[in-house]
Amino acid sequence: MTQHLAAPAPHATNAAPHTPDWWRSAVIYQVYPRSFADGNGDGMGDLAGVRSRLPYLRDLGVDAVWLSPFYASPQADAGYDVSDYRAIDPMFGTLLDADGLIRDAHALGLRVITDLVPNHSSDQHEWFKRALADGPASPLRARYHFRPGKGEDGELPPNDWESVFGGPAWTRTTNPDGTDGDWYLHLFAPEQPDFNWDHPAVADEFRSILRFWLDMGVDGFRIDVAHGLVKAEGLPDIGSHDQLKLLGNDVMPFFDQDGVHAIYRAWRKILDEYPGERIGVAEAWTPTVERTANYVRPDELHQAFNFQYLGTHWDADALRDVIDVSLAAMRPVDAPATWVLSNHDVTRHATRFANPPGLGTQIRTAGDRELGLRRARAATLLMLALPGSAYVYQGEELGLPDVTDLPDEFRQDPSFFRAAGQDGFRDGCRVPIPWTATGPSYGFGDGGSWLPQPTSWAGLSVESQTGDPDSTLELYRSALAARRSHPGLGAGTDVTWLPGTPPGVLAFARDGFVCTANTTAGPVRVTAPGRVLLSSAEVRVDATEFDLPADTTVWWSV
């Protein structure tokens, strides 16, 4: 790998102002660059577009911006197949654009977190291309997982592992002389060969990559597939098919192996060398929240995504259970709980909540749009009231639903084209967001949009919702402002559940604050504990007791 721009001097000053423990309470906004804003009118979002919209994010009230991958990539999996970790893909801009974005964000009081993809590279990465071109004797093959096949002529994969995207997790190579060669491991698409983290050159390279971007001024890394870097010794068979059904329920020989933690302890030492409390965030799919907590022990990473919370339906008992378990798991390791409702890999929660429970996190039906939005607004206030850090996915502040009716010819999710993998409908949550009520792409850019936007999105645009006190955008702005100003919100480790709440209602207290959420389909008579700060729907409180409407959350000052 070559650097395409001289890196700044070590520990350069392009860093955010120091705020102790900022990550314990931060609201972090995920930007999916290709769908956020298009700066050059080619229909694809880019860093110039993101940079132009940073004031919007400051005014929204978030603390940090997490950017999904913008590295050089053939885009076989929307940039999660990286060919050069120190270069910007031309579709997104240049390193100068990245430098300008980081500087502008810091000037606005925003931190920048970048996505890092250490489990696998692109098959167009220089290491992998040379490993193939040089043949079986290439020493570079040891940096990946190359293995001879089983069977008389090596015609069968080395083991029974299945790709997350469907089909076998192995692809056979062709030797330079045209004969059949060894197989290589790819837990995702064939264009994404897995690194062998037992090889010291891999660890050395990523330590260098970390320093490159830290010297550029980034404030941290969201670590993609953080649970997948280390594989069980010998790559043993699993002994079953439909392995995707086991993910998140069992420790797999290719996921959540204990050896990953030595990697993150080494990375933590690098992060701690830099000023401003630079952080690491684990995307770690684990069987339990308790195993997730292993990734955020004091000498490892700072945060880990709470996928158990994301996958919980709008149900009071289920939500209380996952909140209690999450907080209890994080206390022993002194890490903040994190809360998230949507991201670039799952159906938007305004659509998930519009459907019956039990359908998972990728849903193909639009459901009841009005119901979904009402629940989504209530769920947002509940999430932002919880102690710890929260994540917001671009467009959720507009109440955007998933686009469930994209024509097949527009789809680009690689798992859509592979049998038996993920549902392959992630494109529905990646449609470019609307900024204005008119224009060829509703203000996304001067040209079109790489995925078609529904005409109904004109009324959901930033322009249409700004200044409307009943809009979802203004609800988010008000909630984030209150979260910053109220001493009982933000960082913390506990909530106090209030006794005597009716079935289907959640009520908890924090310092000078109470949150009440009705998850049922009808109004419930409850006690007003104080003065209304904010509500997800209209409430009328004219006595000590009042009717809390269906699917509504209220914040109280007490």
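A salt bridge, as I use the term here, is a side-chain nitrogen of Lys or Arg within 4 Å of a carboxyl oxygen of Asp or Glu. I looked up the total, and the structure holds 32 salt bridges.

**Ground rules.** I'm working with a predicted model, in which local features need pLDDT of at least 70 and side-chain atom pairs count only at pLDDT 80 or more, while totals for chains, interfaces and linings use all residues. Residues are numbered from 1 along each chain as its sequence is written, and side-chain values use heavy atoms, with hydrogens and water left out.

**Salt bridges, one by one.** I started with Arg58 and Asp59, whose side chains join in a salt bridge at 3.0 Å, N to O. For burial I go by relative accessible area: under 20% is buried, over 50% is exposed, and in between is partly exposed (1.4 Å probe, protein chains only). Arg58 is partly exposed at 37%, and Asp59 is partly exposed at 48%.

Next I checked Asp180, which pairs with Arg172 at 3.8 Å, N to O. Asp180 is exposed, with 53% relative accessibility, while Arg172 comes out as partly exposed at 25%.

Then I turned to Glu283 and Arg222, a salt bridge with its closest N and O atoms 3.2 Å apart. Glu283 sits in the loop between strand 10 (279–282) and helix 7 (289–293) and Arg222 in strand 9 (residues 220–223), so this pair ties together parts 61 residues apart in sequence. I'm taking helices (H or I, at least four residues) and strands (E, at least two) as DSSP runs, numbered from the N terminus. Are these two partners buried or exposed? Glu283 is buried at 6%, and Arg222 is buried at 2%.

I also noted a network of salt bridges that links Asp77, Asp345, Arg426 and Arg430.

**Arg141.** I found this residue in the loop between helix 4 (126–133) and strand 6 (146–147). Arg141 is buried, with 5% relative accessibility. What does Arg141 touch, leaving aside its neighbours within four places in sequence? I listed Ala131, Leu132, Gly135, Pro136, Phe146, Thr173 and Asp182, where contact means heavy atoms within 4.5 Å. I also looked up Asp256: Arg141 and Asp256 are 115 residues apart in sequence and 24 Å apart in space, C-alpha to C-alpha.

**Helix 5 with helix 6.** Helix 5 (residues 200–216) packs with helix 6 (residues 260–273) at about 25°, their axes 11 Å apart. The axes are lines fitted to C-alpha atoms, for helices over the stretch in contact, and angles run from 0 to 180 degrees between N-to-C directions. The two helices are therefore roughly parallel; I count angles under 35 degrees as roughly parallel, over 145 as roughly antiparallel, 65 to 115 as roughly perpendicular and the rest as oblique. On the helix 5 side I noted Phe206, Arg207, Leu210, Arg211 and Leu214, and on the helix 6 side Trp267, Ile270, Leu271 and Glu273. Sorted by class, this contact has 6 nonpolar, no polar and 3 charged residues. My classes are Ala, Val, Leu, Ile, Met, Phe, Trp, Tyr, Cys and Pro as nonpolar, Asp, Glu, Lys and Arg as charged, and the others, Gly among them, as polar.

**Helix 11 with helix 13.** The axes of helix 11 (residues 369–385) and helix 13 (residues 472–485) come within 10 Å and cross at roughly 10°. That makes this pair roughly parallel. From helix 11, Leu373, Arg377, Thr380, Leu381 and Leu384 meet Thr472, Leu475, Tyr476, Ala479, Leu480 and Arg483 of helix 13. I sorted the contact into 7 nonpolar, 2 polar and 2 charged residues.
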